[in-house]
Amino acid sequence: MTLESIYTLFDEYFTIIPSVNSQSVSELTAECHDIADECQKIRYQVYCLEQKFEREEDHPDHKENDEYDELSLHALIQHKPSGDFAATVRLVTFESLGKNHLFPIELHSDINKKGRAIIDSLPRNAIAEVSRFAVSKTFRKRILDSNYHGINELGEQRQLDSRRVIPHITLGLFKVLFQMSHTAKVHYWYAVMEVTLIRLLRRFGFDFIRVGPVVDYHGKRVPCYINVADALDNIRKVQPGVWDFITDTGQLKLEHQS
C-alpha cells in the first residue's frame, strides 16, 4: 500500500476535530469546551487506566485534567463509522500558563544551557507546548473487530490494520497541531516525548531538537523543541506524501517567524 492510499484510508475512516477554528484563542466557544471534555475522557482512559501515570482516585469524574486545560487548544480524532473518539492532543498556549508564565516542560524537566539560550531568544507568545498526546489502547484493540469493517465506494469490504493505521493516527494528530498553530499564530513547539516517538517522527521529516536530558514525566521522555514552519519545509523534502496529507496538498501555509 502506498503512502497516498494510506492517507486516503485515513480520510475514509477518520475525521479531525480541533477545538478552535476562529482567529483568536480567546474566542473559544461552548462547543470547544465540549471537545475538551471528550479529550479529558480519553486522557483518563490512557493516563489513568492504561498507563497508570495518574491515579484514578484523583479523577472521580473520569476525566484527566489540569490547570492548563481551560485556555489550551484541544483536538480529537474520531472514527467515522462508529463515532468513537480514538485519539487526542493539546497545545498549551502562552495564554494558558497562569501567573508563573512557565510551560509544563520548564517545570518538569531540566532545560540545558544550549536549549535555554535557544528558547530565551524566542518570543514567548509564539511558543506552545505539545501535550497530552494520547491514542486509546481500547480503540487499538477494537479496530480489528467486525464493527470496524467498512464498505468503500466500490462496494469492497475493508478491515483496519492497526500496524498501518496507528502511525497515521499519529500523523493525523500532528496535522491538527499544524492547523491549530496556524490559527493561534504559534511558531514554535515545546514537547516532552518518548524517544520511540521522536524516532518515528524523524522518519516522516520531523527534526525535533533535544534541549535537555531524559526525564521521568509520564514515563521516560526527552524535552525538545521545533520550529513549526521549518518542520513543515523539512517534511516536504523528506516525505512529500506526508506534506500533502498535513497541508491538504499545500492549502495550509505557515509563515516563517522573522
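A residue counts as buried when its relative accessible area is under 20%, as exposed when that area is over 50%, and as partly exposed in between. The structure described here is a predicted model. The protein has 9 helices and 10 strands, and buried residues make up 51% of its 258 residues. Among contacts between residues at least 6 apart in sequence, 70% join residues at least 24 apart.

**Residues with a positive phi**

- His 62 is found in the loop between α2 and β2, the latter spanning residues 73–79.
- The phi of His 62 is near 60°, a positive value in a residue other than glycine.
- Lys 185 is placed in the loop between α6 and β7, and its phi is also positive, at about 60°, although Lys 185 is not a glycine.
- Lys 185 counts as exposed because its relative accessibility of 52% is over the 50% limit.
- Asp 248, which comes just after helix α9, takes a positive phi of about 55°.
- Within α9 itself, which covers residues 240–247, the buried residues are Val 242, Trp 243, Phe 245, Ile 246 and Thr 247.

**The largest pocket**

- The space in the largest pocket amounts to about 570 Å³.
- The pocket is lined by 24 residues, and the closest to its centre are Phe 133, Ala 134, Glu 194, Leu 197 and Arg 221.
- Two or more lining residues come from each of these elements: helix α2 (30–50), strand β4 (127–135), helix α6 (162–184), strand β7 (188–193) and helix α7 (195–203).
- Strand β4 supplies the largest share of the lining, with 7 residues.
- By residue type, the lining of the largest pocket consists of 13 nonpolar, 5 polar and 6 charged residues.

- Arg 221 belongs to strand β10, which runs over residues 220–227.
- Is Arg 221 buried or exposed? Its relative accessible area is 11%, which is under 20%, so Arg 221 is buried.
- A polar atom of the Arg 221 side chain lies 2.9 Å from the backbone oxygen of Tyr 217.
- Beyond its neighbours within four places in sequence, Arg 221 is in contact with Phe 53, Val 192, Met 193, Glu 194, Pro 213, Val 214 and Val 215.
- One of these contacts, Glu 194, is also listed with Arg 221 among the lining residues closest to the centre of the largest pocket.

**The nonpolar cores**

- The largest nonpolar core holds 51 residues, and those with the most contacts inside it are Ile 169, Phe 178, Trp 189, Phe 206 and Phe 208.
- Helix α6 contributes the largest share of this core, 9 residues.
- Apart from this core lies another, of 17 residues, including Leu 97, Ala 126, Ile 127 and Val 192.
- Which residues does Trp 189 contact, leaving aside its neighbours within four places in sequence? Among them are Leu 91, Ala 128, Val 130, Phe 174, Leu 177 and Phe 178.
- Further contacts of Trp 189 include Ser 181, Phe 208, Cys 224, Tyr 225, Ile 226 and Val 228.
- Two of these partners, Phe 178 and Phe 208, are named with Trp 189 among the residues that have the most contacts inside the largest core.

- Pro 18 is part of strand β1, which covers residues 14–18.
- Pro 18 counts as buried because its relative accessibility of 14% is under 20%.
- Not counting residues up to four places away in sequence, Pro 18 touches Ile 35, His 74, Ala 75, Val 176 and Met 180.
- Pro 18 and Ala 36 are 18 residues apart in sequence, and their C-alpha atoms are 9.4 Å apart in space.

- Ser 136 sits in the loop between strand β4 and helix α5, the latter spanning residues 137–142.
- At 2% relative accessibility, which is under 20%, Ser 136 therefore counts as buried.
- The side chains of Ser 136 and Gln 45 are joined by a polar contact of 2.4 Å.
- Beyond its neighbours within four places in sequence, Ser 136 is in contact with Gln 45, Val 46, Glu 50 and Ala 86.

Definitions and conventions. Residues numbered from 1 in each chain as written. Predicted model: local features only at pLDDT ≥ 70, side-chain atom pairs only at ≥ 80, totals over all residues. Heavy atoms only, no water. Helix = DSSP H or I, 4+ residues; strand = E, 2+ residues; numbered from the N terminus. Buried < 20%, exposed > 50% of the residue type's maximum accessible area, 1.4 Å probe, protein only. Polar contact = N/O pair within 3.5 Å; in protein donor to acceptor, adjacent residues only side chain to side chain. Contact = heavy atoms within 4.5 Å. 1 Å grid on protein atoms, 1.4 Å probe; cavity = no way out; pocket = protein on both sides within 12 Å on 5 of 7 lines; lining within 4 Å. Points joined across faces, edges and corners; volume = space filled by probe spheres on them. Nonpolar A, V, L, I, M, F, W, Y, C, P; charged D, E, K, R; others polar. Core = buried A, V, L, I, M, F, W, Y, C linked by side-chain atoms within 4.5 Å.
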